[in-house]
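Please walk through this model from its chain interface to the details inside one chain. Keep the 3D view open while reading.

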Amino acid sequence: MKVSLFITCLADHFAPQVGEAVFHLLRRHGVEVDFPAGQTCCGQPSWNTGHLDDARDFARLYMKTFARSEYIIQPSGSCAGHVRYFYPKMFPDGSPEQREAAAIGQRTYEFTEFMVKVLGVKDVGARYKGKAFFHTNCHMQRELKVREEPLEMLRCVRDLELVDIPRPDLCCGFGGAFSVKEPEISTAMADDKLDAILATGADLLVSSDLGCLMHQGGRLEKRGITSVRPVHIAELLWEGVQQNGR
Amino acid sequence: MTTEQEFLSHVARRLGRSPEPAPAPFRPSRPVGPVGPKGGYALADRFQQELEKISGVVHRVKSEGEVAPLIARILKEAGAAGKPVARWADPALDALGIDQALTAAGHPVVAFQTGGDGRAFVEAVEKAAAGVVACDAAIAETGTIVMTTALTRGRTVSLLPPLLIAVLRKEQIRYSSVDVFQALASGAMPSQVIFKSGPSRSSDIENDLSIGVHGPGALHVILI
Amino acid sequence: MAARAEALERVRKALGDQHLRGAVRYTAENLYMKRKAAMADLDAQAARGDAIGNFEELRARAREIKLHTLAHLDGYLKQAADQIRKNGGVVHWARDAEEANQIVLEICRKRGARKLIKSKSMVSEEIHLNQRLEAEGLEIVESDLGEYIIQLAHETPAHIVIPAIHKTRRQIADLFGAVAGHELPTDTKSLTAFARATLRHKFMTADVGVTGANFVVAETGTICLVTNEGNGRLTTSVPPCQITLVGMEKLVPRLEDLAVMMALLPRSATGQKITTYFNMITGPRRPGEPDGPEELHVIFLDNGRSQILGSQYEEVLTCIRCGACLNSCPVYRQLGGHAYGSTYPGPIGSVLTPLLQGLEEWEELPQLCSLCGACHENCPLGIHLHEYIIQLRGELVARGRENPLMRTALKLVHFAWTRPGVYRFVAGSAHLGTKPFTRKRKDGSEYLDNLPSIAAGWTMSRTMPAPARRPFHQRWAELERQGGAK
């Protein structure tokens, strides 16, 4: 089986180790991985801020870059959700571009979604001691409807305890450009979420989405809290595999 | 002032066509099917269960003869001694001998006479300690009683006094509101149809539940 | 830009009011959880064959009913009007708020009416009816307990369904006490009893009762009122004249369509299977009836709705004003209704208000959204509010209504990132380019702080990771050697 990796602009710039983790985990399960060089960004920042034609350009670039990919794996529920749910809505009903957009959405997967639903892998053989809260990104929950898969993978991590908060579905306040356009509201939303997480005693804040992690992690740091490590799920799983001596 | 023709033409224009004299009939792609338990006792039990959940009181009686004395007892327990009681002037209640029981218990009866003064009636009802009505139907799924206006009933009887006593026969209970709406559609609409589900309530004060805000704070249903 | 400055000030004020935020959070959470439980219960009922459908099925049915109605709205309005008249009512048509207010004033003038009592109506707030009538020396009293409280406080609602959530019982007791002329206890029972008695007197002496309409059934011309308190009933039973204001989109074709709508509305709004009262009013009192209004006037209102018809936003007119979107919105949860500054707050307000009253005047509203999609998920009509927010932002951008710095940044991103070569160059230089803002942690790792310009909004409350010296795509060649595919 061969897949293409879409690294996402955030991981490319700020967390390349996430891409490495995804690569290694896929390789361990016999999956060949390629990396089309022309990839840049899914275009969500343009779409969400109302730069709709610009967003269409990004969609076309993605469709062109991954035209020959059978599976496109993304370490982001947000970007995968944008591709699958919004790309088809950018083009006129019944147009060839819309058909292509819908098709590529069906071939695009968030990382844990792919691991569990396509590869059938929940246990990657990881060991990681800690108390983790998994934050599900909004697009991942609602547009992709992927809720259980990351939790199923984390439940298989030896020595890892999962905790929950009363309203895990509530948006953390990142919202892309919202985080800088309405910074006070964005921060208030982060604080509510973080206060709930801190109350559980968790030392790990895990997510499939770097935007959410940067926002919540950055807020924790500004608040002077060092007891919680924000970490991408792929990174945690790969570290766990290496720690398990396999 | 905008005329009907101007208003509707504008709407039609926005819909990209000329006004239609009548709307296309609505046929849902899947009709709503019959639901819920059938049969008198199952429906009665379900009705009681639902109404009690929302603070209504249900009294089950076996015969019509039990109704009037029960009403007198409810009024006594509610501390309504000597106070006037309003009722629908309606054949459904006339047959139950309620007036005799009420008068015997010392309650003046307020009922509307055809051709009487409506406003005086309303003011008398406003002072009554309780209203007594007969239901036209009930909905078991939600513990709802259905009342309609008709000439001499008086919609305020079930509304102004703080206590409402409603007489219901189990044959009148339907499971779902669909049945009631379909039944209403088959005839002419009365001026008001009232679905009442439990006593009047509000959570406007600090999200705390208040009972008896504008309508009756107590609802007793006598189920024959 | 005055509208924008006012909008920012409202948001800032809301965020700074800890009491309000606590009340909003409590109320939204309470109603959200109740709705969730009610829908789970409904789905369980449906699985047993005890309900006419589960949530998804009912939503599909409701959409069908409402979208069909909108597609034939002129026909249904005509049918409703004919039926209302047949049953003895009078029908009026108001193109806009001013016309609606004029019609009400004229009806009052003809009857010599000075005192009105109102059952809850969002449309009446939309047209600022109270202010208009009071300016002409008429008295109009709110009978919904929450609306009465905020009327006494001279405030606007903080929530569509529970308007006075931001008021403490102490504050309510003080407001009622001012009316009573003496101090009142603060327990719920006493306060309710006072409101009941005071408003009961208003009901008994009012010349006109004003209502809105949750639904109007076209086939019978029937006005439907959904309340828990009974004020809808009182308003339509005691005063000698009734005026009902109806947003023209409130129609449904048949009586039995109400079964679907009423299965959804109470559950979505408060988690109840049904509200205490559901009234269906067809015409004024019939000759010989002792009570009920002698005159019934129905005013169908456009006020911008026809502009939404036939547009890409038409679905927004299927809204039944349940408030579920407010209760599920993480932004509303932080702000409450006042911050939006409009009759309709929250997700529905952020879309409806600009469409009804002008996008440029209300350009801040579509910004009050993180695009989480919870509104759409919870909406009983499945309205795609989260998509319309984006479309509205698109219209603002097309009109040049955007922070120039943000616009420049996004244009630069578009330019650079649609060109893979440029993208790679920028990504590779990011670490160097952000050096002036780079700080070191104790463990030697790096982060960014005190970013300039629009990015300052981030670092005012958060740090940012430092860009990697070598972005992922520069590491690919090495990974490939380790065992990637060609």
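Contact here means heavy atoms within 4.5 Å. The model is predicted. By that cut-off, 105 residues of chain C are in contact with 90 residues of chain B. Together the two chains bury about 7800 Å². Carbon and sulfur atoms account for 55% of that area.

Eight salt bridges are counted between chain C and chain B. One salt bridge links Arg155(B) with Glu289(C). Its closest N and O atoms are 3.2 Å apart. The cut-off for such a pair is 4 Å. Polar contacts across the interface of chain C and chain B amount to 49 residue pairs, with both residues at pLDDT 80 or more. On the side of chain C that touches chain B, helix H4 (residues 73-86) of chain C gives the most, with nine residues. By class, that side of chain C has 44 nonpolar, 33 polar and 28 charged residues.

The two chains also meet strand to strand. Strand S9 (residues 192-196) of chain B is joined to strand S9 (residues 277-281) of chain C by five bridges. These two strands run antiparallel. Strands of a sheet pair through backbone hydrogen bonds, either parallel or antiparallel.

Tyr313(C) sits in the loop between helix H13 (305-308) and helix H14 (324-328) of chain C, while Tyr388(C) belongs to helix H18 (residues 385-398) of chain C, so the pair ties together parts that are 75 residues apart in sequence.

Finish with a sheet in chain C. Three strands form an open sheet in the order S11-S12-S13 (chain C), with antiparallel pairing. Its edge strands are strand S11 (438-440) and strand S13 (464-465) of chain C, each of which pairs on one side only. Strand S12 (residues 446-448) of chain C is joined to S13(C) by two bridges. Where does Leu448(C) have its bridge partner in S13(C)? The partner is Met464(C).

Technical notes: Residues numbered from 1 in each chain as written. Chains lettered and ligands numbered in written order. Predicted model: local features only at pLDDT ≥ 70, side-chain atom pairs only at ≥ 80, totals over all residues. Heavy atoms only, no water. Buried area = accessible area lost by both parts, 1.4 Å probe. Salt bridge = Lys/Arg side-chain N within 4 Å of Asp/Glu carboxyl O. Polar contact = N/O pair within 3.5 Å; in protein donor to acceptor, adjacent residues only side chain to side chain. Helix = DSSP H or I, 4+ residues; strand = E, 2+ residues; numbered from the N terminus. Nonpolar A, V, L, I, M, F, W, Y, C, P; charged D, E, K, R; others polar. Pairing = 2+ DSSP bridges.
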